[in-house]
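Biologist: Before we look at the model together, could you walk me through how to read burial and helix packing in it?

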Amino acid sequence: MFDRGQIAPAIVLNRALRLFPSRVTAPMITTAISATIRLAPEVAELYTNLGLVYYLQGNNEQAIEQFDQALKRKPDLLGANLFEGMAYLRLSQYEKSIGPLKKAIALNPQERRAYLNLSVSLLELGRDEEALQ
């Protein structure tokens, strides 16, 4: 699908992570993933990975943008649904968090983080009975 030159950013990042895990920075990761997205914009998981980097940095708006891109391409991605819901929760956008978190539960009924975060959102909205279910 790709020749070695096209995937060079991903190869360099992978090697750097293995050789120097404490020296790889978030900007290095976002640059490598963004470059790979330009080469393969149809790959939903790349957007999820970029969204996770933003989420871990606390850049929730940027994370949500990337999760939305992933879910446009592949609506049943567990990670994109879960972390999009969690990012909305961090932004106190409780109503918006419910859909992705419920989808995450539907995709993986064992996903405890989805239940926990859904309950928090429902409690914040005053939907106590629903949160207890």
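Biologist: Is Ser121 buried or exposed?

Modeller: Burial is judged by relative accessible area with a 1.4 Å probe, protein chains only, where buried means under 20%, exposed over 50%, and partly exposed in between. Ser121 has 0% relative accessibility and therefore counts as buried. Please keep in mind that this is a predicted model, in which local features need pLDDT of at least 70 and side-chain atom pairs count only at pLDDT 80 or more, whereas totals for chains, interfaces and linings use all residues. Residues are numbered from 1 along each chain as its sequence is written, and side-chain values use heavy atoms, with hydrogens and water left out.

Biologist: Where is Ser121 placed, and which residues does Ser121 touch?

Modeller: Contact means heavy atoms within 4.5 Å. Ser121 lies in helix H7, helices being DSSP runs of H or I with at least four residues, strands runs of E with at least two, both numbered from the N terminus. Once residues up to four places away in sequence are set aside, Ser121 touches Leu89, Tyr94, Ser97, Ile98 and Leu101.

Biologist: What about Asn117, is that residue buried or exposed?

Modeller: Asn117, which is also found in helix H7, has 13% relative accessibility and so counts as buried. Apart from neighbours within four places in sequence, Asn117 is in contact with Met86, Leu89 and Leu101.

Biologist: How should I read the packing of H6 and H7?

Modeller: Two packed helices are described by the angle between their axes and by the distance between those axes. The axes are lines fitted to C-alpha atoms, for helices over the stretch in contact, and angles run from 0 to 180 degrees between N-to-C directions. Here the axes of H6 (residues 94–107) and H7 (residues 112–124) come within 9 Å and cross at roughly 150 degrees. The two helices are therefore roughly antiparallel to each other, a label for angles over 145 degrees, with under 35 counted as roughly parallel, 65 to 115 as roughly perpendicular and the rest as oblique.

Biologist: Which residues of H6 and H7 meet?

Modeller: On the H6 side they include Tyr94, Ser97, Ile98 and Leu101, and on the H7 side Asn117, Leu118 and Ser121 are among them. By class, this contact of H6 with H7 has nine nonpolar, three polar and two charged residues, where Ala, Val, Leu, Ile, Met, Phe, Trp, Tyr, Cys and Pro count as nonpolar, Asp, Glu, Lys and Arg as charged, and the others, Gly among them, as polar.

Biologist: How many helices and strands does the protein chain have?

Modeller: The protein chain has eight helices and zero strands, and 40% of its 133 residues count as buried.
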